[in-house]
Structures are given as C-alpha cells and as structure tokens.
Amino acid sequence: MKPSLKTFLAGAAFALALTTSALAARTDLTLGVALEPPHLDPTAGAAAAIDEIVYANIFEGLTRIGPDGSVRPALAESWTLSDDGLTYTFRLHDGVKFHDGTTLDAGDVVFSLDRARADDSTNAQKGLFAAIDEVEAVDDLTVRVTLKQPSGAFLWNMGWGDAVIVAPESAETNKERPVGTGPFMFDGWAKGSAVTIVKNPDYWGDPVALDKATFRFIADPAAATAALLAGDVHAFPNFPAPEAIPQFAADPRFEVVIGSTEGETILATNNGKPPFDDLKVRQAIAHAIDRQAIIDGAMFGLGTPIGSHFAPHHPAYVELVETYPYDPERAKQLLAEAGYPDGFEATLKLPPPSYARRGGEIVAAQLREIGIDLEIIPVEWAQWLDQVFKAKDYDLTIVSHTEPNDIGIYAREDYYFDYHNKAFGEVMAELDATADTDARYALMRKAQEIIAQDAVNGFLFQLAKHGIWDARVEGLWANAPVQANDLTEVRWKE
Amino acid sequence: MLSYLLRRTVIVLVTLFAASVVVFAVLEIVPGDPARLMLGMNATEDAIDALRRQMGLDEPVIVRYFTWIGGMLTGDFGRSYTYSVPVIDLVRERLVVSLPLALMALALSTAIAIPVGIFSAARRGAAADAGIMAATQLGIAIPNFWFAILLVYLFAVTLRLVPAGGFPGWQSGLWPGLQSLLLPAIALALPQAAILARVTRSSLLDVLGEDYIRTARAKGLPAGLVLRHHALRNALIPVLTILGLQFAFLLAGTIIIENVFYLPGLGRLVFQAITQRDLIVVESVVLLLVATVVIVNFLVDLAYAWADPRLRRR
C-alpha cells in the first residue's frame, strides 16, 4: 500500500469514527413552545408556559406527576399518613442540592409551603395549600404536614408546579434565575427568543441523557411549521398548527403523536341568568350541539367528544356523551316546553384561541338551527377574565379548562358558571375527605353524572395534544396530565 | 431658520405631551386587570390583590400617570409587570434587533427603488417603464407576511441556506446575526421599494415638466445632466416624505414579520405586552415609537428646508 493511500485511509477512518461518535452522542435538543413565559417561577404565576419549561426539569416538589397522571415520589422518597388522615410525614432524599450548591433540608420544605400559603402570597394556586394547618421540620430530612381536615387530593396537589420546593436564599430571584433541585439547571434566557437549560452534574437522581435543551418561542403557526421542516427545532410538544399535521404525519423524518390534555373545552353557560337558569333550556342546548362537527370544523378532527367535565384518559372517567345526543328536534321541543317556541337571542363571548373563535362560529350556527340566535362577541383574555370570569357578565362563552382534576370548580359558590346543586356539593365534600383511591373514583363518577344530567355547560370536547418531533427523539410525553415538557427521559436514539 | 427650528421644536413637544395623555388614557380605559391575567382562572382574590399592590396598580390613575411620565423624562421607563425587569432593558434588548432590521430594510428599499424610479422616469412610456410599473403594482399588492412565508419555504425549508427564523444574538457574531435578518429585511423592503419607486418616478416626471427644466434643456444641456443636477434634488422632497413615513412604519410595523421569523424585536414585544396587559411596557414603547415618528418627521422637515429654501420662510 502506498504511504499516501495509507494516510488517507487512516484519516478517513478517524474522521468516520469522529462523525459516528458525534452522531451517537447527540445530546442537545431544541424544542418549540408557542408562548414565552412571563418569568420562570412556577410558584408565582398561572402561565402554563412557565411549567412547560421548568416542571420536573429545573424544579421539583415533594411529589411529582408522571406521564400517566399518577402521583410519584420526588424529593420525598416516602411518606406515611396517620390513621385519622390528618398528618403526612415526608421523608426527604438525602444529599439533594440546589443548583446554587446549598443543601435541601426540611427547613426548605417548611419555607416553601409556608410561603405559598402566606397572606401576601402571589401563588396562583393558593387553593392547593388550603387544607394545610401546620408544616414543621421534625429533623433535617423529615417534614410533618398537619391538615385541617382529611384531603384526598393532597399528595396530588403537592405534585403541581405551584408546589415545588424552593430555597429561602433564591426564592426572590427565581423569576429571573430559577434555582431548583432538578436534573437541569437554568443557563440563559434571551428575552423574546429562547430559554436554555443544561444538565445538572450534581443531580441526586438518575442523570439525564441531554446535556442541553433550548426552548424557542414560536407562536406563529406558519413559522412553527417552517422551523420544524427546516430542522431549526427538533420537537414541538404542543404544535400550534393542527392544519399542518397531515403533512408531518406523511413525512418519515417526523413522528406525530396525538395525545390528550387536561383541557375540557366547554360552552360555558351562565346558569344564574334567565333563560339559562331553566334546566330545559340547557338541555335543549345540549341536544342542539353536534360535537363531532365542531371537532372537525374547528380542530381539524383532533379532539375527543366529552359529555361531562372530566378527562377521558382518567381512570375514573365515565362515558356520558350520550346523555344528551345530538337531536335538534328534541331540542326544539324542549325549548317550546321551556316557553321559548320561537327561540331567543343571547350573546356568545369568545376568547382569542382558535378552538374558541372557530368553535364559536360552529356552535352559533348549530344553535341557530333551533332558534337560539347568538351574537358573537370576540374578547381578549384580559377582558374575558374581567367580564366573563369575574363579573359573570355573559350568557355563553367557549373556553378550555386546563387545570387537571378540576371538576371541583362546579362546587364553588361564586364561580362564573353560577351553578348550585347541594347534592353535587356533598359529593365533592365527601371526595375531598376520602383518601382511598377506589372510593375516590366512585365519587368522581357520581360527580360527573350529576353535572352531565344538569347540563351545567355545553360539554364539547377534550383538547388534543399535538406533538411533533424528529423521529430520532424519544421520551417526550404523549399526553399532558400537567402542562409540562418533562425532559428527564428524553434522548436521541442511537 | 432659527425661528423655524424653534416653532418646529415646540410643535414636537406639544405633540409628545398629547400623545402621552392619549396613550395612557386609552390603555387605562381598555378593560382587563393585569394581575388577574397573570394569575389566571384559579387565583384567589387575595393573591390578586397582593399582586396588584406589588405592581403599584392600587394607586390612583393620576398618580400613576405622573409617576410614569416623570420616570420617562428621567430615563426610567418603569418595570415590566410580566417580566418584572426594567422596561428600558427590554427595549434596549429588542432595539438591537429591530433597529438593524429596519435600517437594512430601509437601505435595501432605497437602493432598489431610487435607481428603478429614475430609470423608469427616464424611459417614460417605453416597454421597460410599463413593465416596472406592473411589477411595482404587484409589489404593493402582495402582503409582506405572505411574501415572507414564501421566502422561508424557498431559502430555509427547501434550500436550507438560512435558518427559518429566530435570532442568535449579536454575541454569536456579525454574520450569523445579519444572516438571520436578511430574509425579514427583504420581505419588509420589497413592498416599500415598490411604493418608493413609484413615488420617485412620478415626482421626477412632475419636476421634468417644470419650466426651469425646459430652460435647462433649451440651453442645450445633456439630458443626463439635467436629470442629475436640476431635477433630482427637487424631486427628492416627496421621496423624503415617504422615507420618513416608512421608517416609522418599519420600526413599528414589523410585528407580523417578527412573528413569521420569530425575531425578538420591538414589534413582537409590544404585541406580547398587549395580550398580556403589560400596560407599562405598552405605554412606554408606544410613546417611544410616537417620539421616534415625531422626531423623524421633524428631521424630514429640516431636510425639506435644506432641499428647498423657500420652505424656510413659511
């Protein structure tokens, strides 16, 4: 062999080895997210965009929610519950460090929970902590939480992003520079552009496969499509352009995963306002709604019809879609019985998301069939919250309720549905006092049936989660039991 | 000239004051509580009240106006409700994207439009002129976001020459920065160039019809010299007006383009701030844009006065 050829071959082999090892070891990931979070502290804001970046990646709580919606241990490696159901004793993992090097101990847990439920707290989900009476540190790694009354949902509540454990040293600056205990550390935030997180070398748990992840903010549907196609973004866990999904499904470079979210999309009804205070009118509306037509027309066929306010992927879900099947004739009859043979006029206030704006047009057309003439009023989110949600100044609106397990809102006295049913309230109270899983599921089923029968709202569909990613990426969640992009199991296939 | 300057300056100041009152009043009237929006549907009333106090929203309107405007005058633009960082920092971060983008687009459109306009005017009625007029008509009619999407699909998705969007930041180098601004600048520049070319052409044709041009020609000056020396400077006045307006438009009106290319620019900041009810950001940035427009117009007026001495005496 000539020396020059030998050199060439050796060089080629070396180059090949380098490239293949580089390919095998790909450890960076760029994700597209539609909205930029206002800040990065999940304990001080309701924006789902915060949890989409920090949940399970940067911050951890005592418990955490898994991809199937189950409650799992996190910073608490184990816990015990007293017989009266009032005292939880959490055992913390040993050797957990915050990203700034400080050690996690029971004092941090006491601080975090007390801070979240303090009078001047701006925690958006203060209700999660309402059952807590006292939090105390037994020793460095043991925390005792005493409740005012038994709360079946307590462990689940502690798994929310709003209940993550923060340190007193860094709590005030978490909005800008989040310091948690998670497997990733905050690296940088180019405002308006991207947030970057990097692997935490001192993580207490299983190390993650990715060295670096970048969350890029791309709100525009056309831009999101182009970014994926051009390879600028490797994954869009919540892809904002359902109309482009068939294009990706047909492309072997991409994997399209349609999952379920916690978003129950409803035609929310002002039950306190005539004529909607009449059960027959609400039943008429329920019969007049063709859910599949709305899903096809507004969501490009993506979404699951629902008949009550509960997520179909939940173990306690009851199929109630046929409580009031699509039947315009029956709807007209019910309207006539209620005293509106010629129908009536009402308003439909629609917030900005396309499920509401597009779905609203279809709902209005369907209700017009039975004589209910809706005036469509588009509103901004801020207006929606002020007028509809707070002041109850509305007849009908379309909105997706994305909080997990939130059927309890129907029991709230002052909620914007203005729904009052003593029997329902009793079921919910019993549920809150029950810790046994099977008993809880039975009560949840009962609750679903009551609000379905009462046709409190027009139940439309469960929002789908449209995930699109590079086919070589694995470990992203298919469903969204919480609004998170948990990257702990994400890796490039070799 | 001095009294002209003084008069113009007073007008600028009055305009800015009026604008600040209008901007503030309009945003105060628009319904929507920023605190409630930030904390969302499940928030309790006392959490919302606590946040309102933190953001200073519990103060009377008049106090807040003077705090805001007083701050603006001393360079303190307040603190963003949502990002909770000083507004001036946000604006500065965004300007390093929006300003080069606007300038690139402006330079590009001028570089295309003026020669094209002159060329077209010099060949009035010829086939080339008709072709250019048709092309500019098309350029005006095509929405720039649509054109932007076409550019992305051609150069980023199909040819993979440039990224589909985003901005790497100037710290990653001049070339990557410029590269990511190139397509947006083209998308912004072409419709502007079309307008500018038409204005240049018609303004030049108007001037070429004037008596002094006929005189110059009658003296036997070559056509090129007449065009360059006698016609062009006078024809520039309407062109300057359009340029001034375009600069303001480019700076404020890049919202759509910045969305298509997900650029972290000023337009997107305002858009985001409006949807999040980040009032202080909207108020400050809008006032800043108004000030820019007013000042650019002021400079354009001065440029007129330079181009046409008769205007100074008015």
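User: Why does A:Lys280 count as partly exposed in this predicted model?

Analyst: The relative accessibility of A:Lys280 is 33%. Buried requires under 20% and exposed over 50%, so A:Lys280 counts as partly exposed.

User: What makes the pairing of A:Glu337 with A:Lys280 a salt bridge?

Analyst: The closest N and O atoms of A:Glu337 and A:Lys280 are 3.8 Å apart. The cut-off between a Lys or Arg side-chain nitrogen and a carboxyl oxygen of Asp or Glu is 4 Å, so the pair qualifies as a salt bridge. A:Glu337 counts as partly exposed because its relative accessibility is 44%.

User: Which parts of chain A does the pair of A:Glu337 and A:Lys280 tie together?

Analyst: A:Glu337 belongs to helix α9 (residues 328–337) of chain A and A:Lys280 to helix α7 (residues 279–288) of chain A, so the pair ties together parts 57 residues apart in sequence.

User: How are A:Glu426 and A:Lys422 placed relative to each other in helix α12 of chain A?

Analyst: A:Glu426 and A:Lys422 are 4 residues apart in helix α12 (residues 422–432) of chain A, so about one helical turn separates them. Their side chains meet in a salt bridge at 3.8 Å, N to O.

User: Are A:Glu426 and A:Lys422 exposed or partly exposed?

Analyst: A:Lys422 has a relative accessible area of 69%. Exposed means over 50%, so A:Lys422 is exposed. A:Glu426, with 47% relative accessibility, counts as partly exposed.

User: What makes the contact of B:Asp129 with B:Arg201 a salt bridge?

Analyst: The N to O distance between these side chains is 2.8 Å, and the rule asks for a separation within 4 Å; the pair of B:Asp129 and B:Arg201 therefore meets the definition. The pair links distant parts of the chain, with B:Asp129 in helix α6 of chain B and B:Arg201 in helix α8 of chain B, 72 residues apart. Both B:Asp129 and B:Arg201 are buried.

User: How many salt bridges are found in the structure, and how many across the interface of chain B and chain A?

Analyst: The structure holds 25 salt bridges over all chains, and the rule finds 2 across the interface of chain B and chain A. A:Lys126 and B:Asp46 form a salt bridge, with 3.0 Å from N to O.

User: What else describes the interface between chain B and chain A?

Analyst: Chain B contributes 45 residues to the contact and chain A contributes 51 residues. The buried area is about 3,700 Å², and carbon and sulfur atoms give 56% of this area. B:Met41, B:Asn42 and B:Tyr262 supply 21% of the area that chain B buries against chain A, more than any other three residues.

User: Which residues touch the most other members of the largest nonpolar core?

Analyst: This core has 71 residues, and those touching the most other members are A:Ile218, A:Leu228, A:Phe239, A:Phe248, B:Leu204 and B:Phe261. Helix α8 (residues 174–208) of chain B gives the most to this core, with 14 residues. Leaving aside neighbours within four places in sequence, A:Ile218 is in contact with residues including A:Val33, A:Phe236, A:Pro240 and B:Tyr262. A second, separate core of 67 residues includes A:Ala268, A:Val281, A:Ala356 and A:Phe461.

User: Where does UniProt place the transmembrane region annotation in chain B?

Analyst: The unreviewed UniProt entry gives residues 101–122, 134–157, 177–197, 235–257 and 285–307 of chain B. Over residues 134–157 of chain B the chain is 92% helix, and over residues 177–197 of chain B the chain is 100% helix.

User: What confidence does the predictor give to chain B?

Analyst: Chain B averages a pLDDT of 85, and 96% of the residues score at least 70. The model scores ipTM 0.79 and pTM 0.84.

Methods
Residues are numbered from 1 along each chain as its sequence is written. Chains are lettered from A and ligands numbered from 1 in the order in which they are written. This is a predicted model: local features need pLDDT of at least 70, side-chain atom pairs count only at pLDDT 80 or more; totals for chains, interfaces and linings use all residues. Side-chain values use heavy atoms; hydrogens and water are left out. UniProt positions are given in the numbering used here, feature names are shortened, and annotations may be inferred rather than shown by experiment. Helices (H or I, at least four residues) and strands (E, at least two) are DSSP runs, numbered from the N terminus. pLDDT is the predictor's confidence in each residue, from 0 to 100. A nonpolar core is a set of buried Ala, Val, Leu, Ile, Met, Phe, Trp, Tyr and Cys residues joined through side-chain atoms within 4.5 Å. Buried means under 20% relative accessible area, exposed over 50%, partly exposed in between (1.4 Å probe, protein chains only). Contact means heavy atoms within 4.5 Å. Buried area is the accessible area (1.4 Å probe) that two parts lose on being put together, summed over both.
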